[in-house]
Amino acid sequence: MTTESTSAAAPGYNAASTLPLRVEAVRQIRRRRTAVTFALMAALPVIVWAAMAIGGVNSNSTNTPDLIDVGTSSGINFAFAVVFLASGFLLSVPVALFFGDTIASEANWSSLRYLLVAPVSRARLLYSKFAVALGLSVVAMLLLPATALAIGMAAYGQGDLHLPSAGSLPLGTSVSRFALIAGYMLVCQLSVATFALWLSTVTDAPLGAVGGAVGLVIVSSILDNISALGSLRTFLPTHGMYAWAGILQPNPEWTGMIEGVSLSLSLAAIFTALALRHFRNQDIVS
Amino acid sequence: MATAVALVVGGAAAFAWADPPPSVHQIDQIFTMPETPGSSRTVRIEASYFTTGDSTPRPAVLLAHGFEGSKEDMTPEARFLAKHGYRVLTWSARGFGESTGQIGLDSPDREVADARRLIDWLGHRPDVLQDGPDDPRVGIAGASYGGALALLTAGYDHRVDAIAPQITWWDLGQALFPNGVFKKLWAGIFFSTASGTQGGCAFTAELCQLYQQAATTGTASPAALESLERSSPSSVAGRIKIPTLITQGQRDSLFPLGQGAAMARAIAANGAPVAVDWSAGGHDGGDQETSRVQDRTLAWFDHYLKRDQTADTGPAFRVTRTGGVSTSDGKMVEHGADAAVYPGLAGTSRESVALAGGAQTVTNPAGGMPPAVSAVPGLGTLAQLSGGGLSFSQDFPGQYAAFNSAPLASALQLTGSATVRVTVSTGTTAGAVLFAKVYDVAPDGTTVLPDQLVTPLRVSGPGTTTVSVELPAIDYGFAAGHRLRLVLASTDMGFYSPAGLAAYTVSLPAGEVLTAPVDTALRGGQTPIPAWVWLLPLAAVAVAAALLLTGSPTGRRRTVSQSQPSAASGPAPLVVTGLSKRYRGSDDRYAVQDLSFRVERGQILGLLGPNGAGKTTTMRMLMGLIRPDEGSVHVFGRAVVPGSVVLSRVGAFVEGAGFLPHLTGRTNLRLYWAATGRPTADAHMEEALEIAALGDALDRPVRTYSQGMRQRLAIAQAMLGLPDLLILDEPTNGLDPQQIREMRSVITRYAAGGRTVIVSSHLLAEVEQTCTHLVVMDRGKLRAAGPVAQITGSGRALLVAVAADAMTPAARDAVAHKIAAVPGVTAAEPSDLGLLICLEGLPVADLLTELLRLDVPVESVGPHRRLEDAFLTLTGDLA
């Protein structure tokens, strides 16, 4: 199609400027589910704060102390506690929502075919959808740690980070690690995101795509708890989701995060290719 | 010598069994040995011999168990070595397992003599490789009690060829009475647990007395020290001249790294190859690295017993360093740092750390209580965590002196024994006992005692003495910004300290610095990143590329050229050539089959067909939504594939509206136009909104719209930008008659401007009134194409109903045939109800006459415009 001369096009039409990110962003941001998701992400730290304020932190609850047990030691501790709570499953939900819903809902509304005959090329549509879903996911996933940090600083002060094992990290170091970890979690979710995107091209049912991606997270988490699988578990999409805890030690272990980034990017490459491969050949019958 | 030993083999092969290949056979037997050389009393020693059952002479390995153990502990390692081509002998030492006799603490004429007799036995076995008569090729490995036995046997028996002692003693006197201070906690565990619950003493009488005296007084008599000396490999230091793999534990307050250092120094001085391995574990606990040590022992024996030059004996010095906890499996991460040279405890270089603190008074509490806490036997796992910042050591105020360094400017990796001189004043004649240790103090004040180790020192009194203190050997990283704190405490839980209340003054000589050894040759120590971390993304990109390069439809069709030769008046708005489509799962049924037609500029084409005729599939193919299996679509001379830019000249309304329900009608249209990326002015938005005629509803969310409103909005959307070709699929569905009329006029006016419109419908009446041309489809096939008048004809279609059962199908066929031949009749076909007849010129009255003439039992005659019947009429489809 790119070999055709532009004279075939209507005046002012340029394939590369179809479905601009700004337009797609407006289409998505005005949706109620976007606002609700953002609100929930910002509300969760408040809920955790309230729960800790009312119920207190029971440090005797487990044999080995974790980040929750030291959650009220300082503001940065609270932020890490919230992120720890959200790491396993919660953060995957907005990602699965934004990516899984993005094309399937268009198909569901029948608006997909009108975009395609505008015409927005399939690759361009997938690109815009991917970019905007990624942007929304980033906002949602940064909203949570940012709110947690703000609430933590206000409620528990600007102390050093108390590590659950022993020792502490200075505030400056721990805030920069916190930012790094937030970035890591984004990268980690890319495998879930692209899987959801792939499903979104396969099904016309938005809930199916979102649920499928969340299901992947659940199944992967369950398998990750089966120790009989041994080192095979290293290659589960959710295996690295807590790996960031490795750098919250006096002797930081970066390997887990490096492995997590490698695996997530690899899966993301394959799932994205599957999404594009399926979508570009698909007969749009919705 | 060996032949002189009376060796009685009792109870031959008790039982033997086999493993899957290579099968290991275990033969249990009992040896009877003299209690001491020349003694008439005997002890029974139980043993197990492991082979793979073949008769090839192979090197042998003696595996000696640790204190409180028995030969059963060694079975896994014995089977492991047997599988790798060794004859392995395990046995229970005197006083352990089923073996009888008293414990002699690796006494040369007891336990060591037993081991030598076992070597004698190996010297007679044809399946053991022999270096000479009664000289088997043999190595000894063992931990702790067994390790010292390996060293001592090597010193007493020249037939031993290689040893691998682990976490053991070199000088037992120094280990139990370091610097003359009794290590009471460990000694107590040693003696009491071996004695069991009977309250007796399982040791030889001499050793029992030794312990009782030491436990009561905290000192050892010269005779006792002499006895410990005999059980120490250091007593035969000059005679151990064989390759020795020394594994010493970092979490070992019983036999600390210094014991291994003395071992390595002495044996290396004899010219024998020595490798030193500081493992993570030790007697205090922690990870004993069993599997790694076992593998390294095998490699050591492969090299020095099998004489396999390719077997890698590993670096001369290796330190296991503990990282953080792996988030992957929750275990401590360990990694090795290697150096080609073992520098001892003084390091390859030294760093000076200045310490501050004036003279301090240290009280020795009466009775030595409460004691400071450092190492606790069995809590070595926690000690290993000390690398991770966890510490449980405790000092009591007033009972210690502390000297702090400034925060370290850079990290300090201390490997070996730091040294410092301290000045101690005491008024008592008993002198002073102090326990020296170096803490790691974090900026937030938390302290960690590396490996929980302390060094005791004894200063004679009364008076002031400056002594040099060799602090515990460790491998520990002090982070930048942390301080070192030298503490000298008057008590320690693990040691015997004077009971009398006393006060000492402790100070550092002027300008004294702590000398910290550093091994700059050690390399590694970072957690290795698995190779897959780099390979996986590369493989994934390759897979992704393969996925995208294959599965492309461009290869399997598209034989039609991209552009059609254009006519003089410019390319036709639409040319459809040989279009076919079968949906997946219905390969035998065509949705569209071999469809060809052409639309010229200014035409309003009606695509007519009953439901399921393939109209919508065709329209989707026109717009690249569905790929045809065969054939091609050209719009304004350009082949249509998904995303073809020529589609920007096409406006479409296909199978209902598609809007974002949460947005208003106006916003939907605005964003749709924005999605095309074309200039806002080109949209002709107001004209489109006029067509939609939604009024105030335009600013309500689309989800509140009725179907007709959505329909009008969708048609307005299709007309945005006034496209050259407008395709409308069933545009009047859901509209009321008034709106249908308006829609017809909109379409007619639209085409009047020279633009082209394609309208699909299943109602002939619908298209007849609007369209200039028709394409009739049924079951995926083209039935007719051409101007409306040409297809519908000028005449009328009539349905002639006949009485039921009055005519056979054959009769109807015959009549239809005759009627068709009448002038003024263009077609006549039988139908279920009677006959369908198309008139052109023949009056109805004349037709009726003709029918009656043919004896057709006419019941009624009426106009018939139903599309399905019109098809039959027009296309002659009899299928």
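Which residue is the bridge partner of Val575(B) in S27(B)? I looked it up, and the partner is Arg598(B).

**Ground rules.** I am working with a predicted model, where local features need pLDDT of at least 70, side-chain atom pairs count only at pLDDT 80 or more, and totals for chains, interfaces and linings use all residues. Residues are numbered from 1 along each chain as its sequence is written, while chains are lettered from A and ligands numbered from 1 in the order in which they are written.

**The sheet.** I followed strand S26 (residues 574-581) of chain B and found that S26 and S27(B) pair in the antiparallel sense over five bridges; strands pair if DSSP finds at least two bridges between them. Helices (H or I, at least four residues) and strands (E, at least two) are DSSP runs, numbered from the N terminus. The open sheet in chain B has four strands in the order S27-S26-S29-S30, with antiparallel pairing. Its edge strands are S27 (592-599) and S30 (638-639) of chain B, each pairing on one side only.

**The chain contact.** Next I checked where chain B meets chain A: 66 residues of chain B and 69 residues of chain A take part, contact being C-beta atoms, placed from the backbone, within 7 Å. On the side of chain B that touches chain A, H11(B) gives the largest share, nine residues.

**Domains.** I also noted the four domains assigned to chain B: domain 1 (2-168 + 242-314), domain 2 (345-524), domain 3 (574-789) and domain 4 (793-875). These bounds come from an automatic or database domain assignment. Taken over C-alpha atoms, the centres of domain 1 and domain 3 of chain B are 90 Å apart.

Note on methods
Two residues are in contact if their C-beta atoms, placed from the backbone, lie within 7 Å.
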